[in-house]
Amino acid sequence: MAAFPTASQLSTYGARGPWTTTTRAGQLSNVGYAEAQFAVASMSRVGFHPPVVWIDVEPRPAQPWLTSTAAQQRDNRLIIEGLMRGLRDSGFSYGLYSYAAGWADITGSWRLPGVPVWATAGRLDYPGEALDRCRQPSFSGGRVYLSQWYDDTRDYDLTCEPYAFTPLAIPASTLSRSTADFNGDWNNDLLARVTATGDLLLYRGKGNATVWPGARIGVGWAAMNALETPGDFNGDGKADVLAREAATGYMWLYRGNGVGGWQPRMRVGQGWNVFDSIVGPGDFNGDQFVDVLARERSTGHLWLYRGNGTGGWLPRVRVGTGWNAYNSIVGPGDFNGDGRVDLLAREAATGDLWLYPGNGTGGWLQRVRVGQGWNSLTTVMSPGDFNGDRTADVVGRDTQGNLWLYRGNGSGGWLPRAQMGSGWNGIDLIF
């Protein structure tokens, strides 16, 4: 059963997990991880190793969740996500047990389409309403495998056919609005294309601002002139890649399989050669489906292509003009800590870096200058949180081929940068 910590519990368990303790977000995530470790130890003591561990998320009068604000609901999500990762790291598949009103109150109706669901219909005296839970959309967007109703005597449960579990690929993190966990290990990654060969390499993040050596996960990618990681675009809980074909302008969705590879690609658009910048910022308009922002080459207009959550689009919306003043546009996720997706844009004439805070509904708050001298970098991109503190970061490559991590401080500014690597001049795209 997931629980929000007391002050004493936060102090005791805030460091007992894989995230750093320099931020409250990291500490809360670690508390959830510690809850999972406690559950795993309890099962181990009695020799119990179930195929699935269900995480119970519901109100707890003895130790209430804080639910008054959106920020508190985001804190609650950190606890739950830490619990999920703790179970995954211990070798358990997991699912979520809750009901619509309770889930909405605690998490703000957080969508986790890749996570199985056990849905309760509440206090009823007949099974029909519970069976309806098998057929209706779930509280979190995941597939319902079990449904339930109860009375004063006992709980009653139904299986929703087909009922079968296999080891689950863990959905990419949504909390920092990052879109870059490609292999499902809960650490954000870098994808890079080799200039000479067109090979696509996966550099798996270690969660501590470093990467493992690159592994080839594709060939023939030189045919693409734009590549971007939008996050989970088709709603299966796994991170995907969007690729624009230079010869045709077609937009292809390369569906990730959750463990660093691919499912068959799908064409999701045409005529995309009119854009000279394509960015996957995450969920920009607040509907919990990931979106794409695209700058029109001839006009400088910025267009929001709203994802529909199943691999397609809702009608596009123009969200800016004059964006041809920028020579790099980056989607870091939530850079200023207000829970909304932001953009970073480098001004070509000055090298100034501007933060365009998103308003959470598909528009902007007042821009803020957050850096100078950024024209010294040949590449600027963001994988989200790359050092494990649950705040969004930026990666830059200088003219010598050195790769730098610009660590975000969680409130729209920077911590000292750290060198991540050298010899990256053989790469023509990092995303």
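Just after helix α3, G91 takes a positive phi of about 90°. Before I go on: this is a predicted model, where local features need pLDDT of at least 70, side-chain atom pairs count only at pLDDT 80 or more, and totals for chains, interfaces and linings use all residues. Residues are numbered from 1 along each chain as its sequence is written, and side-chain values use heavy atoms, with hydrogens and water left out.

Back to α3, residues 70-89. Helices here are DSSP runs of H or I with at least four residues, strands are runs of E with at least two, and both are numbered from the N terminus. The expected span of a helix is 1.5 Å times one less than its number of residues. For the 20 residues of α3 that should be 28 Å, and the end C-alpha atoms are 28 Å apart, which agrees. In α3, 14 of the 20 residues are buried, meaning under 20% relative accessible area with a 1.4 Å probe, protein chains only; over 50% is exposed, and in between is partly exposed.

Now strand β10, residues 240-245. How many of its six residues are buried? Six of the six, so β10 is largely enclosed by the rest of the structure. In a regular strand the side chains alternate between the two faces of the sheet. On one side of β10 we have D240, L242 and R244, on the other V241, A243 and E245, all buried.

Next, the neighbours. Two strands pair if DSSP finds at least two bridges between them. Strand β9, residues 224-231, runs antiparallel to β10, with five bridges joining them; M224 has E245 as its bridge partner. Strand β11, residues 251-254, is also antiparallel to β10, over four bridges, and V241 stands opposite Y254. Five residues lie between the strands in the hairpin of β10 and β11, where G249 takes a positive phi near 80°.
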